Amino acid sequence: MVDTPPVRQRVGRKKTPVPGSDEEPLLDVVKAPVPKPKKTVSAKSSSTAVYSAALVACTILAFVTRFWKINHPNEVVFDEVHFGKFASYYLQRTYFFDVHPPFAKLLFAFVGWLIGYDGHFLFENIGDSYPANNVPYVAFRALPAILSTLTVSVVFMTMWESGYTLPACLTATMLVLFDNAHIGQTRLILLDSTLIFSMACSFLAYVRFYKHRDQPFSRKWWKWLVVTGIALSCVISTKYVGLFTFVTIGGAVAVDLWNLLDYKRGLTLQDFAKHFVARFIGLIAVPFFFYLFWFQVHFAVLSRSGPGDDFMSPEFQETLSDNVMAMTAKTVNYYDTITLRHKETKAYLHSHPDRYPLRYEDGRVSSQGQQVTGYPYNDTNNHWIIIPPVDFPEETKLNIPVRNHDRVRLVHVVTDTVLLSHDVASPYFPTNQEFTTVSRAESEGKRHNDTLFEIRIEQGKGKQEFKTMAGLFKLIHNPSKVAMWTHTKPLPDWGFKQQEINGNKNIAQSSNVWFAETIPSLTEDDPRNHVAPKKVKYVPFWKKYIELQKAMFHHNNALTSSHPYASQPIQWPFLLRGVSFWTKNDTREQIYFLGNPVGWWLASSLLAVYVGIIAADQLTLRRGVDTLDKRTRSRLYNSMGFFFLAWASHYLPFYLMGRQLFLHHYLPAHLASALVTGALVEFIFCLEPADEDTVATEKKDLPATVKQQSPSLVGAWIAFGVITVAVFAGFYFYAPLTYGTPGLTVEQVLRRKLGLYDLHFAK
Amino acid sequence: MATPNIRDQAYATGAGFQNEGLRERPVGVPVVPAANKVEIDDSKLKRKGKDEFDYESIIAPLLFTFLAFFTRLYKIGQSNIVTWDEAHFGKFGSHYLKREFYFDVHPPLGKMLVGLSGLLAGYNGSFEFKSGDTYPPEVNYTFMRIFNATFGALCVPLAYYTCKEMRWTKGATWLVTLMVLCENSYATISRFILLDSMLLFFTFTTMLCFARFHNLRRESFTPQWYAWLVLSGLSIGCVCSVKWVGLFVTALVGLYTAEDLWNKFGDLSIPIPTLFIHLVARVVGLILIPTAVYMANFYAHFTILNHSGPGDAQMSSLFQANLKGTDLTDAPLDVAIGSRVTIKNMGYGGGLLHSHIQTYPDGSGQQQVTCYHHKDSNNDWFIYPPRNHADYDPTSPDLRFPGNKDVIRLIHSQTGRNLHSHAIPAPITKADWEVSSYGNLTVGDEKDYWQIEVVRDSISNDYSKIRTLTTAFRLKHTVLGCYLRAGNVNLPQWGFKQIETTCVKENKPKDTYTHWNVESHWNDKLPKADVSSFKSPFLWDFLHLNVAMMTSNNALVPDPDKQDDLASLWWQWPILHVGLRMCSWDDNIVKYFLLGNPVVYWGTTASLGLFGVAFLVYLLRWQRGCKDLTKEDIDEWHYHGFYPLIGWAFHYIPFIMMGRVTYVHHYYPALYFAILVFGFLFNFFCKKLPTKVGWIVYGITYAVVIGVFILFIPISFGMKGPASQYAYLKWTNRWRIA
């Protein structure tokens, strides 16, 4: 058994020496109690001092790289459009909808609130100027930059806690510190910085938790368990890729529990149950409630109606104040005159006495019926009376509300004709049905069926009443089952450049949705005008949460449309393609989101080396040849195995995802691959285990500095040096594309153009 | 190794009692290496068999086979109408008889067998097999169905022998065989001219080979061992040549082989050269032989179908030119300005350049340009000069022949619009530019111009002319510098699932999806030539057809707007949530309802869960130091429990992820593996019961399986008269029997 690697010495600093074998944080073998090390305080503290100094240096460098020219560009860049906007919505407290959970967005809002920003700017377009709009964007960007700085420190500490030598810790740190992708993604108003920081923290916390496994249920053991849980919760409350972090930690916990269950460990089933329940509470229950907490904050902050209303049910919308629906929704009765408006194009359903031409340009013929069009302005020709299929008896015909799934007819007021659709091709779409009108007499007679339409309220329940504003609906032609639809392409001159209305066979299409806007026939004294504005309703948190969660999953899955800079998971480890974030033509400046090719290729190739080593070890073991000592193998399988699992679980699931993917989805996996790289540098370049003091106990008394200069570390230091120089060179070379300044000449751009990098200004 | 106190513990739980005999066994056979032990067991078994020779091993399979033929054949000709997918597979069989080239997403073996049955039945291939039509008297459909049903019936003895190979008790063997025999869905689907009975048959043979080969694992390199290895390979080749679903059982055998090799690799007593021979034997037996079988099927397919038919357009132009009766060979050789042509993409599975009046919903909103795999007048294009050249004059006898580096315009003959591209991202492949049809003869701009770049010409080195069929060229957009490309990406429903056609920015001369050739060519001013002497190599046709099959398969996705009553979803299958009406539900026709035996379905599905629970319990108890299982028990779980379970998962899980339309019969191969898991559990646990109790349990199970099968037999044998008579079978509302 071995002991006293540098990590231990850190424990010494805290003056709480921990018994056991924490130099192998994820070692799961059964072992006899290890005799407590006898160490001189000076050796411990001097080694700790070296590590601490390195940590401080890395943090400072990280701060510099993250904050360098953070005010450039002073324009909205890429997805800042979204996340800046969301912060503004929080500050204005208007309800919005997004597929990501609220935690990271709330953090931005918190920053804005701290500095007293009112959220007036809505980040509408990439390239909008910040100074001109008076937006404190540097403060916003400082948040991710700080978290990203701390991520670098956490990476270093994770390696340190896992018991790696200084060059190994530093190598892993350098790969993240000088990585253009980490820097580029985390100095802008984006969520990934929070995500990556939380993920790194959960690794660190779990390693620390695991190091206390010899004192289960102690105060520290509980502390780090719960910290792990909270860090995990922050990851999944930022983006749902946090699930992969759960898989990573969950995998390690499962292995741990499995070993605890081993009867040779001597735990009773009761003990085991306690272990199990503790982990369940710490890693599942606590994170879940923490996750819910952010939703409660989300609902509490967003109390006013806003752009997200449409995604929610009417019931939900009535919980928001200033909601148009809550204010003005009025029930539509039969024999009301109403105006109907298309939700997407905002055109009113319109008709006028002119007729469709007999023959269209392409030679097809029409019914020559009266034109029915879409018209964006107010006009009496937009007025329609809604009547039942068969007239109600005169005396009782008033005050009967129209309901969902009712069949109705629509009478055009000015021409006194009835809306109709039939199996004649529409002017532009041979596949869609023409809409026209016929006289009342015909509507009562042989064309009766063709004038019947069904009101199908979106997400309508049963026979609910049809209301203005609130009730989005589709107008389904009853006999032929087509939906009334319009689009923006104007009709030719014969249609006065108004919009074509036709019957769409694809009923499910979301652009078939209309709403009734007003009831012009409503008299002043109608009781419907005098309903007191509804109070804001209360819906229990659980109901709201479940509804929102469902909508989020639904819309996340619907994000399948393609994007010019979307990429495939297979391209990421090879860094084949980046994303253009921002360009400025006059200065030839651009931000092209891209990793540090040197660092990425190194990390990816070392992942392959790791798999190769494991495969070689398995093959040789299978043939009875044992090349590794027990400790090295344990490190290889447990500690590095954990990092490799982290990489795999943050990367491979993307292959199963149908939604559009971008290079930044690889950043969590890249961080894990950096950890593997650091660990492998030690494995490859330290010929003996880093601490050979078990072999030669007398060395224990040597000062730590002497030990670090012992031959076993020289290789690792050289490797570290070479890697750092190369990584820094790569970083420096691509820095103009990361920081967006200075502008590059054509040759400079072309020199940086590798693989499929679609850089701008290459001509 | 079991310490006394652990044993006491086990007794205390009660579980130990049943295991008593088992637990003692290791003591009885002390310290014998595992390999020898199994052989001893083997010989013991055989000896036992000889001592008290039971007639079961002869009578039982005969009886089961007889019953299988009875249940599959009884009243098979009762319904004289084309039922369900007979419309497809009967028609494909007809194509073989007429030797006309057709295209289908499935590999050819099953359909060639249908063709063979038609040949044997004396059918000449003239019937159209329209769904719901009555068979004319000259079509001996009964014989064709019997031919198919034979495959289905033979599954029953195969299941019997597979269980025997797994050394299961008689009770379990009969149980599995009975469950296959009394499975209504197997019985029903085997009675029609469909591929499923063949697919099942070859899946069953593969499992038999698998079990047999596993038994022979200690007799490597004996003639028997080689024979079964080759048989496994042939069986795998056949199952994959019926439907690609066969790849799943192939994966199961592959997994077993990998594990077997890994174990042998760890056995230090085997020298490396022997290991190498093991590896080579498996590569030959399980990879090369199946591939050869698969390719041989396609070779036969191409050899038989040597006439032009409905599937021509799926294939390369050269292939089509070699079909008899094609109109391709009867075309002018050199393409001139003013020629009407169809233009074929030369990539694997490429289609014809196509345009239609429908427009793009996003992007430019102009007329769509796609690639289409069927002959259609919308595939025709006129070759025109650019507007800055002398206009084409149809009346003048002058001929201009565009060649390498010449610029042309392509005008769509039906709509008169120009092939056009512009700097708007394509609808699916956003990195490329969109290609549309725009303008007309006079309206247009320089974005209608395409430069010809000849890639190669198989008959000439003279690139100054474009020749029908033989010249491969690329079309470069003169303004954007991009190349016309169609890369087997299906458009959504708005594009009718046709192939997206784009203009790709990267200049990759080797990308065959940017290569095009002229396929059909009409020009009255030019003399006709015969260019059919150029053959396309078999391997190329083979790959081309397979890529085309894959592309079409991917396009078979459910249309969200279409209500498909017949399709069902993966989660509905194991719980027998729905059945399927195989024909119209008129009172006066014989109706068949595709539904499984509820006991078999629900029982096997429950057994999958039970298997998982039992496994977990054993695993946890093992980790707690309870030695419940002997080495033989663990082997039994491993090879006869786990492999069927994995087989079930392999045949089931892909359908969860698959985007295409799925039907109930997609579960049938998986069901067999579930039945095996069910049989395994019975075999394993009933062994522990006292013999009499065991037989009582088996007896009850047999009775229930058979009873429910007989109850539901009308849905398999055909329901005559109004469906309401059979309402008693409608156990849930989703079973639309009545």
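This report describes the chains, domains, cysteines and selected backbone features of a predicted model.

**Chains A and B**

The secondary structure of chain A consists of 22 helices and 15 strands, while that of chain B consists of 21 helices and 16 strands. Chain A has 763 residues, 56% of them buried. Chain B has 738 residues, and 54% of these are buried. The table sets out further values for each chain.

| Chain | Property | Value |
|---|---|---|
| Chain A | Accessible surface | about 31600 Å², 63% from carbon and sulfur atoms |
| Chain B | Accessible surface | about 30700 Å², 63% from carbon and sulfur atoms |
| Chain A | Contacts at a separation of at least 6 that join residues at least 24 apart | 75% |
| Chain B | Contacts at a separation of 6 or more that join residues 24 or more positions apart | 75% |

Along its principal axes, the C-alpha atoms of chain B occupy a box of roughly 105 × 70 × 45 Å. Chain B carries 66 positive and 61 negative side chains, and a distance of 6 Å lies between the centres of these two sets.

**Domains**

Two domains are assigned in chain A: domain 1 covers 38-297 + 569-753, and domain 2 covers 331-521. In C-alpha terms, the centres of domain 1 and domain 2 of chain A are 57 Å apart.

**The disulfide and other cysteines**

A disulfide is a covalent bond between the sulfur atoms of two cysteines. Over all chains, the search of the whole structure gives one disulfide. Its partners are B:C482 and B:C503, whose sulfur atoms are 2.0 Å apart. B:C482 sits in the loop between β10 (471-477) and β11 (483-490) of chain B, and B:C503 belongs to strand β12 (residues 499-504) of chain B. The two cysteines are 21 residues apart. Because the torsion about the S-S bond of B:C482 and B:C503 is about 95°, this disulfide is right-handed.

B:C209, by contrast, takes part in no disulfide; the nearest cysteine sulfur belongs to B:C238 and is 10 Å away. B:C209 has a relative accessible area of 5% and is therefore buried. B:C238 counts as buried at 19% relative accessibility, so its value falls under the 20% limit for buried residues.

**Pairs separated in sequence**

B:L539 is part of helix α16 (residues 538-555) of chain B. With a relative accessible area of 48%, B:L539 is partly exposed. The C-alpha atoms of B:L539 and B:M295 are 8.8 Å apart, although 244 residues separate the two in sequence.

In chain A, A:Y210 lies in helix α9 (residues 192-211). A:Y210 is buried, its relative accessible area being 3%. A:Y210 and A:D256 are 46 residues apart along the chain, with 9.2 Å between their C-alpha atoms.

**Backbone geometry**

Most residues other than glycine have a negative phi, and most peptide bonds are trans. The following cases depart from that pattern.

The peptide bond from A:H72 to A:P73 is cis, its omega being near -5°. A:P73 is located in the loop between α2 (41-67) and α3 (80-92) of chain A. Another cis peptide bond runs from A:T741 to A:P742, with omega near 0°. A:P742 is located in the loop between α21 (711-739) and α22 (746-751) of chain A.

Where does A:H405 lie? A:H405 is in the loop between β5 (384-387) and β6 (407-412) of chain A. This residue, which is not glycine, has a positive phi near 70°. A:H405 is partly exposed, at 40% relative accessibility.

In chain B, B:K405 is placed in the loop between β5 (380-384) and β6 (407-412). B:K405 is not a glycine, yet its phi is positive, at about 75°. Its relative accessible area is 48%, so B:K405 is partly exposed.

How values were computed:
Residues numbered from 1 in each chain as written. Chains lettered and ligands numbered in written order. Predicted model: local features only at pLDDT ≥ 70, side-chain atom pairs only at ≥ 80, totals over all residues. Heavy atoms only, no water. Helix = DSSP H or I, 4+ residues; strand = E, 2+ residues; numbered from the N terminus. Buried < 20%, exposed > 50% of the residue type's maximum accessible area, 1.4 Å probe, protein only. Contact = heavy atoms within 4.5 Å. Areas by Shrake-Rupley, 256 points an atom, 1.4 Å probe, with all protein chains shown as cover. Lys, Arg positive; Asp, Glu negative; His and termini not counted. Charge placed at Lys NZ, Arg CZ, Asp CG, Glu CD. Disulfide = S-S within 2.5 Å. Domains from an automatic or database assignment.
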